[in-house]
Amino acid sequence: MSGTNDTHGGPALPQERRLRTEIPGPRSRELLARKQAAVPPGIGTTLPVFVTRAGGGVVVDADGNSLIDFGSGIAVTSVGNAAPRVVERVTRQVADFTHTCFMVTPYESYVEVCETLNRLTPGDHEKRTFLVNSGAEAVENAVKVARHATGRQAVVVFDHGYHGRTLLTMTLTAKNMPYKDGFGPFAPEVYRVPLAYPFRWPTGRENCAEEAAAQAIDMITKQIGAEKVAAVVIEPIAGEGGFIEPARGFLPRVLEFCRANGIVFVADEVQTGFARTGDLFACEDEGIVPDLICTAKGIAGGLPLAAVTGRAELMDSVHVSGLGGTFGGNPLACEAALGVFETIERDDLVGRARHIGSVMLPRLRALAERSELVGDVRGRGAMIAIELVRPGTKEPDPVATAAVARRCHAEGLLVLTAGTYGNVLRFLPPLVMPDHLLEEGLGILEKAITEV
Ligand SMILES: *Cc1c(COP(=O)(O)O)cnc(C)c1O
């Protein structure tokens, strides 16, 4: 495992937290002013330090500060930034050719990425894969395939779901602000049903899986008609919604219902995929074999790539040239993905993700014992979150959550927030993060929560 990044041609990037200025420093503030004049505010900023290098477990900014990275660019740089095998392959490729359009004249790396995904994704049935540019595009294409294959139109999604920002995928997304507000009208034939959210289930965790599944299935059969439904689209762990692990038993029950009614079960593993949760895919935890699976974020070390993988008979139902796009499966992105697959396997990043979970969860649970602000600790592998509440209640506390995040940022720890109620701190460290940075980051977080 490479804890440092020495592919820059210069010295290895030190794996340390180092604060040279306040956060953000003067150079970043200058750049932020330029950003504000050139880029619309609709493109938000979590932490306004401008990055010059990153690798292993750190992000280095224009003022020379080195921050501990608990975000991985939203679960993207799981193999680390500028990971050596990614850099080597992409560098070679960029000198050979940068684009032909796979639909015009194909190249081998695209096919190899698809073969690999067909092999690695859950289920040993015959599969096909095609490549696109973003998670949203993958989800949209999965819906296109499901509709075409079934001849049905309705799509069922869940409370707290997030699937992207295009017209269809923002329609599939649950949360109004900031994703949907003012951007309607939305796409037709999208229906939302309850998700088994253990911490907030009204009759308690123990009833959550069964009651939520019964309610979801009742809504599908009574309000839509199961025979009208092309696809059920679900994240096996809700990402933006707040790292909600559906109560165990919920996903298998929904899958069983889909199978019985000819509905295509689409797993949106855009955030959970590629070793993040301590399995290669989050579906594996309960033995879920989806009909179609969407992947993106962690697939190519930050190069834009996404994939739809699924049953050959569904995928092959679409006519010639019914799918695709100019840039989909760009050769640089494909080489990067091959470097990522190799890194996950050779460096046992599934094992690393589990290790990260085994370090983080006990410390966060101990913190929850001490602090009434922490209402819930959850997640798997290196996809961990805490939910902050008003002490003694389950009332979400987004103000305290923002305050904790700000304190962490000021101390050089990059954390992200999430959640339907804006009260979740989520942790997505690169899987190659060295232990000493992980421990140091947790120390900063504990201090920030105690102080708030
Ligand atoms: C990020 C995300 C998407 C959208 O991916 P983009 O690449 O931003 O379009 C879709 N689904 C899930 C679960 C995500 O986390």
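Modeller: Let's start with Phe-70, which is buried, with a relative accessible area of 0%. Buried means under 20% relative accessible area, exposed over 50% and partly exposed in between, with a 1.4 Å probe and protein chains only. This is a predicted model, where local features need pLDDT of at least 70, side-chain atom pairs count only at pLDDT 80 or more, and totals for chains, interfaces and linings use all residues. Residues are numbered from 1 along each chain as its sequence is written, and side-chain values use heavy atoms, leaving out hydrogens and water.

Biologist: How many aromatic pairs are there?

Modeller: The count is 9. Rings of Phe, Tyr and Trp (its six-membered ring) pair if their centres lie within 6.5 Å; planes under 30 degrees apart are stacked, over 60 edge-to-face, and the rest tilted. Phe-70 and Phe-427 are an edge-to-face pair, 6.0 Å centre to centre with 70° between the planes.

Biologist: And how many residues apart are Phe-70 and Phe-427?

Modeller: They sit 357 residues apart, so this pair links distant parts of the chain. Phe-427 is buried too, at 0%.

Biologist: New topic: which residues form a cluster through ring pairs?

Modeller: Phe-97, Phe-102, Tyr-107 and Tyr-110. Tyr-107 is buried at 9% relative accessibility, and Tyr-110 is buried at 8%.

Biologist: What lies over the face of Phe-186?

Modeller: Lys-180, at 5.2 Å from the ring centre. The rule is NZ of Lys or CZ of Arg within 6 Å of the ring centre and within 35 degrees of the ring normal. Lys-394 lies over the face of Phe-199, at 4.7 Å from the ring centre.

Notes: Helices (H or I, at least four residues) and strands (E, at least two) are DSSP runs, numbered from the N terminus.
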